[in-house]
Amino acid sequence: MGKSQRTGPPPDTQLRQQRFGTCFPLLLPSRVVALLLGFGIVFVVIGVVLIVGAASVFEVEVRYDERCCKAFCDEPERRQDYNPCYLNFTVDEDVDPTVYLYYKLESFYANHRQFVRSRDDGQLYGTKDLLPNLLDCEYDRNFAVEGIEKTSFGTYRVGGQYNVLSNVISPCGLIAKAWFNDSFEILRGDEVVALDETEISW
């Protein structure tokens, strides 16, 4: 036997009969003005709270990119920096916890296409004996240096040519060169304050 099918009108409910109430507000000038004023007052209150909260934050900014320069500071291709570079500064005011330390970078575009592509997947995968011209790291042409090349035929000195194994930089590319390894230390008098480095990636 086949399944019986129900016939007849649908149940007499608000949903089935589509008898829900509707709302058609009349946008009278007085209502619109009152609504905008209400939202404006709410946003002004929120803005005041945010400004007061931001004004109570104590911040010290120390720029040290030029303070670590050793020679040729105005010539990027010849610039020499102190390595390592130590920089001390004193905060004269009492600072309530929690204290945050962070970098501030300018003109650094980590999502730029040229930056993202400046790496070699084969090198990162572990492929050996890749010549520089086979790597996807064109920027490394600026770092070709004289050195010693060791091969199965012996060890010999090579010049600053680009396409030699001695000039392979591993890992190569802009991503590898953009690794920030600056470290910080906070002292209270002669006491070293312990730093919490967990969950610091925002």
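**Salt bridges and one positive phi angle**

The side chains of Glu 61 and Lys 104 form a salt bridge, with N and O 3.5 Å apart; a salt bridge here is a side-chain nitrogen of Lys or Arg within 4 Å of a carboxyl oxygen of Asp or Glu. This pair links distant parts of the chain, 43 residues apart. The model is predicted, so local features need pLDDT of at least 70 and side-chain atom pairs count only at pLDDT 80 or more, while totals for chains, interfaces and linings use all residues. Residues are numbered from 1 along each chain as its sequence is written, and side-chain values use heavy atoms, with hydrogens and water left out.

**Salt bridges**

- The count by this rule is two salt bridges.
- Glu 61 lies in the loop between helix 2 (29-55) and strand 1 (69-71), and Lys 104 in the loop between strand 2 (80-81) and helix 3 (113-116); helices (H or I, at least four residues) and strands (E, at least two) are DSSP runs, numbered from the N terminus.
- Arg 79 forms a salt bridge with Asp 81, and their closest N and O atoms are 2.8 Å apart.
- Side chains of opposite charge can pair when their charged atoms come close.

**Accessibility of the paired residues**

- Glu 61 is exposed, at 56% relative accessibility (buried means under 20% relative accessible area, exposed over 50%, partly exposed in between, with a 1.4 Å probe and protein chains only).
- Lys 104 is exposed, at 55%.
- Arg 79 is partly exposed, at 27%, and Asp 81 is partly exposed, at 41%.

**Phe 72**

- Phe 72 is a residue other than glycine with a positive phi, near 55°.
- Phe 72 sits in the loop between strand 1 and strand 2 and is partly exposed, at 33% relative accessibility.
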